[in-house]
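Open your viewer and get ready to click along. Each stop tells you what to select and what to look for.

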Amino acid sequence: MKLTTNEKRVLNTLFKDVKGTTRNTMLIALYAAKPTDDESPDAQSMITLLNGLIVKLAELEQPEMEVLFAGIPYDVD
């Protein structure tokens with residue numbers, strides 16, 4: 001699966017110190033990371049980014065999720 005730099009940053013931030021997780025836990029953590037929709041440009045940008053990442057992850061099968069998780073932390077420099 002192809003991830004944008006910002007998507008990689010989100011995954012690094014949320015899961016860099018996590019040694020193991022489940023698909024559902026990853027999805028819940030991403031959903032919980034969404035800010036309150038206060039109509040600000042920053043909130044809208046984060047919500048859009050996280051919603052897109054949630055959709056991408058939700059469509060993955062277990063082997064693909066394992067590969068995605070194994071890539072954390074991603075090199076984003």
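**Before you start**

This is a predicted model, in which local features need pLDDT of at least 70 and side-chain atom pairs count only at pLDDT 80 or more, while totals for chains, interfaces and linings use all residues. Residues are numbered from 1 along each chain as its sequence is written, and side-chain values use heavy atoms, with hydrogens and water left out.

**Stop 1: helix H1**

Select residues 5–15, which form helix H1. Helices here are DSSP runs (H or I, at least four residues), numbered from the N terminus, and strands are E runs of at least two. Colour Glu7, Val10, Leu11, Asn12 and Phe15: these residues of H1 are buried. Buried means under 20% relative accessible area, exposed means over 50%, and partly exposed lies in between (1.4 Å probe, protein chains only). Now show what covers them, which includes H2, H3 and helix H4 (62–70).

**Stop 2: the salt bridge**

How many salt bridges does a search of the whole structure find? The search finds 1 (a side-chain nitrogen of Lys or Arg within 4 Å of a carboxyl oxygen of Asp or Glu). Select lysine 56 and glutamate 7, whose closest N and O atoms are 2.7 Å apart. This pair links distant parts of the chain, since lysine 56 belongs to helix H3 and glutamate 7 to helix H1, 49 residues apart.

**Stop 3**

Asparagine 6 counts as partly exposed, at 41% relative accessibility.

**Stop 4**

Asparagine 12 is buried, with a relative accessible area of 11%. What does asparagine 12 contact, leaving aside its neighbours within four places in sequence? Its contacts (heavy atoms within 4.5 Å) are Ile72, Pro73, Tyr74 and Val76.

Zoom in on two of these contacts. A cis peptide bond joins isoleucine 72 and proline 73, with omega at about 5 degrees. Proline 73 sits in the segment after H4.

**Stop 5: the loop between H2 and H3**

Move to the loop between helix H2 (23–32) and helix H3 (41–58), and pick aspartate 37 there. Aspartate 37 is partly exposed, with a relative accessible area of 43%. Glutamate 39 is in this loop as well, and it is exposed at 62%. Check its backbone: phi is positive, about 70 degrees, although glutamate 39 is not a glycine. Most residues other than glycine have a negative phi, and most peptide bonds are trans.

Finally, select Asp37, Asp38, Glu39 and Asp42 together, which gather in a patch of negative charge on the surface. Such a patch is made of residues with over 30% relative accessible area and no salt bridge, with like charges joined within 9 Å.

Definitions and conventions
Patches are made of residues with over 30% relative accessible area and no salt bridge: like charges are joined within 9 Å, nonpolar side chains (Val, Leu, Ile, Met, Phe, Trp, Tyr) within 5 Å. Accessible areas come from the Shrake-Rupley method with a 1.4 Å probe; for residues, only the protein chains shown count as cover. Lys and Arg count as positive and Asp and Glu as negative; His and the chain ends are not counted. The place of a charge is taken as NZ of Lys, CZ of Arg, CG of Asp or CD of Glu.
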